[in-house]
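Here are my notes on the model you sent over. Have the structure open while you read, and start with the loops.

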Amino acid sequence: MSAPIKPAERVSNFERDVWSIFTPLAMETKAINLGQGFMNHPRGRIRLRNALSSSYSEQFNRKLDPETEILVTAGANEGMFATFAAFLDQGDEVICMEPFFDQYIPNITMNGGIPVFVPLRPPTDASSRVISSHEWRLDMNELKSKITPKTKMIVLNTPHNPIGKVFDEEELRAIGEVAEENNLIILSDEVYDRLYYPPLNRFPRIANIDNLWKRTITVGSGGKSFAATGWRVGWLIGPDELIKYAFAAQTRVVFCVNSPCQEAIAAGLEESLVKPVFQDQIDSYLKKRTILSKVFDELHLPYTVPEGAYYILVNTSRIQIPKDYPFPEILNHRGDDFKKCYWLTKEIGVCAIPPSEFYAKEHWPLAANYARFAYCKTDEVLEQAVDRLRELKSHII
């Protein structure tokens with residue numbers, strides 16, 4: 001049996017503050033609260049926590065306790081920050097798979113941690129054909145080689161941004177075995193969990209594999225689930241012995257989350273229990289994916305077909321930029337993909353994101369010939385983008 005996972009020193013001696021004792025007590029007893037202003041429950045509004053329990057219990061193969069196993073956060077990003085604050089001491093290492101969501105890195109380093117990078121790699125012929133996101137693979141031996149006595153946590157992202165990869169159960173189990181052998185926390189960023197495509201008919205979760213629930217905190221997002229990212233409502237799901245420390249950290253970061261958006265997300269989740277809200281959304285995004293990908297087929301540009309999320313990684317190695325094109329000096333110290341994406345924005349009129357931003361500097365070359373295109377737009381906007389991208393034809397070799 002593995003040893004208990006220790007929280008960070010910064011939260012291990014926190015006592016419950018007065019607000020997290022009396023605010024819930026006043027709500028539970030319906031007392032007239034003259035002790036403070038109008039505050040939410042620090043764990044999240046009960047309607048939303050109950051809706052999350054109803055929506056997710058079946059997916060986690062257990063009845064989720066809305067009082068101890070669900071924490072509402074000010075967006076998924078704040079939930080991850082609170083988790084790092086809860087468990088990282090100075091010098092603790094966190095395994096991040098490249099490409100990674102860029103906010104992971106400051107969230108880790110601001111809490112004293114050190115990110116350690118392991119890249120996902122495409123097949124060797126990815127520059128010559130359309131591939132599935134599932135063909136991007138994690139080398140388990142490379143992962144194991146990065147583990148040290150200072151390793152505290154593995155960050156997993158599935159469905160993956162920007163690749164679109166959905167890790168299958170075999171891959172999740174292999175990652176989980178590394179976590180078990182080294183007594184690591186798994187922080188599973190699953191903000192796109194409502195957006196996965198056929199032939200997948202169920203989203204695999206690492207918390208459901210073997211005994212990994214006890215060491216996994218799963219991150220979710222109301223903004224991603226309902227295409228309302230500016231609302232900043234997320235959640236953490238996991239065992240009480242882990243969630244309680246993230247809660248302790250969060251009460252010192254934001255204390256509570258805005259009420260109107262919590263109520264709106266709760267209403268959406270309740271609706272999804274009786275109507276095919278998420279299936280309709282999947283159908284809509286499949287159409288959008290088709291609209292955008294058709295132009296890359298026309299141009300014979302290889303790309304990665306995502307299994308989830310809403311990004312297409314396009315291989316840009318055949319796009320030729322004029323050798324004397326004037327780039328701003330700020331791009332001289334960034335990855336090569338920055339210049340190609342800058343040129344696309346200025347000359348073609350379509351903005352894509354250079355994915356080297358999601359790699360450590362030593363691995364920038366892995367992203368040199370890629371650009372990330374998002375299709376979470378109206379069909380009309382996507383059709384306009386397709387028309388503009390057709391102008392690339394004269395620049396392809």
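1. Let me begin with Arg232, which is partly exposed because its relative accessible area is 40%. (Buried means under 20% relative accessible area, exposed over 50%, and partly exposed in between, with a 1.4 Å probe and protein chains only.) Arg232 is not a glycine, yet has a positive phi of about 60°. You'll find Arg232 in the loop between helix H8 (222-225) and strand E9 (234-237). (Helices are DSSP runs of H or I with at least four residues, strands are runs of E with at least two, and both are numbered from the N terminus.)

2. A word on the ground rules: this is a predicted model, so local features need pLDDT of at least 70 and side-chain atom pairs count only at pLDDT 80 or more, while totals for chains, interfaces and linings use all residues. Residues are numbered from 1 along each chain as its sequence is written, and side-chain values use heavy atoms, with hydrogens and water left out.

3. Ala309 also has a positive phi, near 65°, in a residue other than glycine. Is Ala309 buried or exposed? Buried, because its relative accessible area is 0%. Ala309 belongs to the loop between strand E10 (303-305) and strand E11 (311-315).

4. (Contact means heavy atoms within 4.5 Å.) Leu195 sits in the loop between strand E7 (185-189) and strand E8 (216-221), and counts as buried because its relative accessibility is 5%. Its C-alpha is 9.6 Å from that of Asp283, 88 residues apart along the chain.

5. Stay in the loop between E7 and E8 for Asp193, which counts as buried because its relative accessibility is 3%.

6. Lys165 is placed in the loop between strand E6 (151-157) and helix H7 (169-182). Beyond its neighbours within four places in sequence, Lys165 is in contact with residues including His134, Arg137, Pro159 and Glu307.

7. Two cis peptide bonds to check by eye. One runs from Glu98 to Pro99, with omega near -5°, and Pro99 is in the loop between strand E2 (93-98) and helix H5 (104-109). Another runs from Pro198 to Pro199, with omega near 15°, and Pro199 is in the loop between E7 and E8.

8. Finally, the overall picture. The protein has 13 helices and twelve strands, and 56% of its 397 residues count as buried. Its C-alpha atoms fill a box of roughly 70 × 45 × 40 Å along the principal axes. Among contacts with a separation of 6 or more, 71% come from residues 24 or more positions apart.
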